[in-house]
Amino acid sequence: MSKSEIEKRTSLAEIASRLSASRRVKKLRNEISRLRDAYHIENAPNVTDDVYDSLTRELRTLLEEYPEFKDASSPLNRIAGKPLQKFKKIKHKIRMLSLNDVFNPEELYEWEKRIKKLLPPSPLQGEGQRGEVNYFCEIKFDGLAVSLIYEKGILKTGATRGDSFIGEDITLNLKTISSIPLVLPKPCPDYLEVRGEALMSKKTLSFLNKINERIGKPLFANTRNATAGSLRQLDAKLVAERHLDFYAYDIAQISNDEKIKNHSEKHKYLKELGFNVGESDAVCKDLTEAFRFIEKFEIERPKFPFGTDGIVVSIDNLEFQEILGVVGKAPRYMVAYKYPAERATTIIKDVKINVGRTGVLTPLAIFSPTLVAGSTVSKATLHNMDQIERLDLRIGDTVVIEKAGDVIPKVVEVLTRMRTGKEKKFKMPEHCPTCGDKVQKRETSSFQILNPRGSHAEGEGRRGEKFERSELSVAYYCANSKCPAKNERYLEHFVSVFGIYELGPKILRRFKDEGLITDAADIFTLTKEDIAPLERFGEKSAENIIEEIKNKKKIPLSKFLWALGILHVGEETARDLAQHFGTLEKIIFSARQDLASIDSIENIGPAVLKSLHDFFRDKNNLNFIKKLQKNGVVVEKVGKREAGKLNGLTFVLTGTLSEMSREIAKEKIISLGGKVSGAVSKNTSYVVAGEESGSKEKTALKLGVKILNEKEFLKLLL
DNA sequence: CCGCCTCGAGTTCT
DNA sequence: CTCGAGGCGG
C-alpha cells in the first residue's frame, strides 16, 4: 500500500469516527434533554442523577474532541430547567454560579496546579512563594440552592437559582423554613445577600415517602428532589409541613464588607447572624489536610442526617478568589469534590464467553473502562442467556452499570433510547470457544405431577400420574471431559480446596504447558528438580512450592470430596456427606449401589444422589482417586463430632475482622459445632460485623437478627 | 405445587 | 454479590 493510500485510509477512518461521533452527540443531547425535563420540570426523574451525570460527562468529552458539534441550544449550556410560569421571576444581581466537579485526588491536584500558576507571588506569605493559600473545606449539601436578600435586617426575597441569571421568587415558601431568620439580630448590615442550600433531612424524606407509598403517589428519589418538589408547592402551608431546613454557605453581597477577608470569616459571620452553617467546615493549610477532611467525611456521610454529594474546596482568601475569577458558568477558585457515583453509563463493546469448571458457558460484557463507585471497571458478568434477554442487551448498547455491594460490577439496565439501530444481538455460540465441542443444555432432575386438566404437548399420561420430566437448565455448557478450559478451571479449584496457595492459575498453566502435569494428581509427585530449571523460578521458590505441596497431602474427608468437583457437591454438601458416612470407602460403596436402595440422608436429595452415583460409577474417576492416594494423598476419616458450644447456631460473617481472617473465623465456628452461611435470613443466629461491613448488617437489622461486633464474637469463642 | 432457605458456581479490582 | 437450582416443609 502506498503512502498516500494509507493517508487516505486514515482520513477515511477519521471521517467515519467523526460521523459516528456526530450521531452519538445527537443521541446524547436528546436523551439528556429528555431526562433533564423529566427531572427539573416534573420533579419525577426516571433515571438516577448519576446516570444523567454520566451521560453529560460523555457529551462534554466528545465536544472537547469535536468542538465543531457544539451548539448553543445544547443542554450543557443551561444550568437548570426553564423557570416555571407559576412563580414570579427574580433577576439575580450577582449570577448564581455552579461548580466544576473533580472526581479523584489527581483531578484536585491538577486544579491546584492550574490556579497556582495564576496567583501572584505573595509578599505576605513566605519568601515570594507563589500562591501560598489556605483551602476551605465544606460539606456540599444536596438540596436546592437559594438566594436570600435582607434589607435593614429583614428578609425581603428568596429565590431559586433558575438558569443562573433569573430565578423564581419562592419567598413565601422559604419563610416557612424555621432555620431561615426572618429578622436579623442587630447590629446587622443594611443590605445582605445570603446564599445557601434549602434541604430536607433523610428522616423527613423517608417519612414522606412512606406516606406517598401508602397513598400510591410516586416516591421521591432523593432529598434534593423532595426539596425541589416541596418548594415548588404553590401553597406555603403545604411547604411548612415538609419541615425543610436551611444551611448558609456564602455571602454574595454585603453593605459593609471591609472586615471580611476570608471565606471562612463569612461562615463565622453568618453563624453570628443566626444562620446554620456546616459544623465541621474547616480551614486546611494544604491539600493533604483537605484530603483528610474529605476522607473523614466519606466515612461519616452515610450517617449524616442530610443528603450530600461531596465536599466543596475553595481558596479561603477572598482577594485570591477575585484574581482567579470565573470561567464560563463556574468560578475558578472553588471546586466540588464529588464522591464516587454509584451508577454510571457505558457502551457495551463486546460479549465474551467464559468456560467454567463444570463447563458452563457464562457470557461476560466487555465495555469501555468506566469509573463507578471508586474504581474503574471494564467488564461485568451477564450470568446467562436469560439475563441477556431480560435486559434486552445488545452489543453496542449504552447501559447503566453499578457495583453490587460496592464490589462486583453489574449491568442494571439498557438505555434503549440511545440505540442507533446498529446494535447487534448476542447469540450463544454453538460450539465451545476453547475446544470446539458442541454446546448443550443440562437436564435438571425435577419431578412433576402431570396437570390433570391440561395435557402437555408430550407425555400423554393418565391423570395425576407422576412423571420424571427432564427440564433443561438455563445454562449452556460444554460436555467435553477433555476440554482444556474446563481442566484448567478444575486444577485451580482442586489446589484451592487443598489450600496449596503457592500454586496460582498462572503457575498451574505453566506447569501444564511445560508438560509437568497432566492432571491434578501429578502435582503431588513434582520435585524441586522439575520446577527449578524453569525460567523465572529459583531454587528457593521451587523449594517453597514443593514444601507447601508436601504439607497439604493430608486432607479431611469433607474437603477431599469437595475437591473432587462432583456436580452439586460443594463445600457444605461435602461436609454433610462426610458426617454421614465417615470414610471415603463407605461413600464410594454406597454411591455405587442402585439408587433406590440408598437410605435417605439429611440434605441429600435425588439430584445430588444421582450425581454421586454417576461420579463413582465412572472408572476414570475411581482411577483418579487411586492415583491421588498412590501419590501420597491421605484422606482423614471423620471422628465423631463432639457437641461444641456453638451447636445449632448459624453465623454470617461480614466486613473485615482485625484479629483473624474470615477463613479462620469460619473454621473456628465450625470446629465448635456452629455453621457459617453466606446470606442473612431469619434462621441466622448471629451476624458478626467487622470493619466496613456491607449490606448484610442492614438485612440483619431489618430481620432483627443479633449483631455481634468483633469483641463480642471473640468472647463467644472463648 | 409453592415459597423459603441454602448451596454451588462464576466473578471484579486493588 | 447474584443468579439458578436443589432440598424440604406447608
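Mentor: Happy to. Helices (H or I, at least four residues) and strands (E, at least two) are DSSP runs, numbered from the N terminus. Residues are numbered from 1 along each chain as its sequence is written, while chains are lettered from A and ligands numbered from 1 in the order in which they are written. This is a predicted model, so local features need pLDDT of at least 70 and side-chain atom pairs count only at pLDDT 80 or more, whereas totals for chains, interfaces and linings use all residues.

Trainee: Good to know. How many helices and strands does chain A have?

Mentor: Chain A has 23 helices and 28 strands. Of its 718 residues, 28% are buried. A residue is buried if 20 or more other C-beta atoms lie within 10 Å of its own, exposed if 12 or fewer, and partly exposed in between, with C-beta atoms placed from the backbone.

Trainee: And DNA strand B, which residues come nearest to that?

Mentor: There are 33 residues around DNA strand B, and the nearest are N354, G356, G570, T573 and N683. Near here means that the C-beta atom, placed from the backbone, lies within 6 Å of the molecule or strand.

Trainee: Which element gives the largest share of that surface near DNA strand B?

Mentor: That is β16, with seven residues. At least two residues each come from β15, β16, β19, β21 (439-449) and α17 (571-581).

Trainee: How do the residues of that surface divide into nonpolar, polar and charged?

Mentor: Eleven are nonpolar, 17 polar and five charged. Ala, Val, Leu, Ile, Met, Phe, Trp, Tyr, Cys and Pro count as nonpolar, Asp, Glu, Lys and Arg as charged, and the others, Gly among them, as polar.

Trainee: Let's follow β16. What is the strand order in its sheet?

Mentor: The sheet is open and has five strands, in the order β16-β15-β14-β18-β19, with antiparallel pairing. Two strands pair if DSSP finds at least two bridges between them. β16 (375-381) and β19 (408-414) are at the edges, each with a single partner strand, so one side of each has no neighbour in the sheet. From one strand to the next, the twist averages 40°.

Trainee: Can you take me across it, pair by pair?

Mentor: β15 (residues 361-372) runs antiparallel to β16, with six bridges, and L371 is opposite T376 in β16. β14 and β18 are joined by five bridges, also antiparallel, with I347 opposite T398. β18 and β19 are antiparallel too, with six bridges, and V399 faces V414 in β19.

Trainee: Is β18 mostly covered or mostly open?

Mentor: Mostly covered: β18 (residues 398-404) has five of its seven residues buried.

Trainee: I keep clicking on D350. Where does it lie?

Mentor: D350 is in strand β14 (residues 343-355). It counts as partly exposed because it has 13 C-beta neighbours inside 10 Å. Leaving out residues up to four places away in sequence, D350 touches I366 and I395; two residues are in contact if their C-beta atoms, placed from the backbone, lie within 7 Å. D350 is also 17 residues from F367 in sequence, with 6.9 Å between their C-alpha atoms.

Trainee: New topic: helices. At what angle do α18 and α19 pack?

Mentor: Helix α18 (residues 584-592) and helix α19 (residues 606-617) pack at about 105°, with axes 8 Å apart. Axes are lines fitted to C-alpha atoms, for helices over the stretch in contact, and angles run from 0 to 180 degrees between N-to-C directions. The two helices, α18 and α19, are therefore roughly perpendicular. Angles under 35 degrees count as roughly parallel, over 145 as roughly antiparallel, 65 to 115 as roughly perpendicular and the rest as oblique.

Trainee: Which residues meet there?

Mentor: I588, A591 and R592 from α18 meet L612, H613, F616 and R617 from α19. By class, this contact of α18 with α19 has four nonpolar, one polar and two charged residues.
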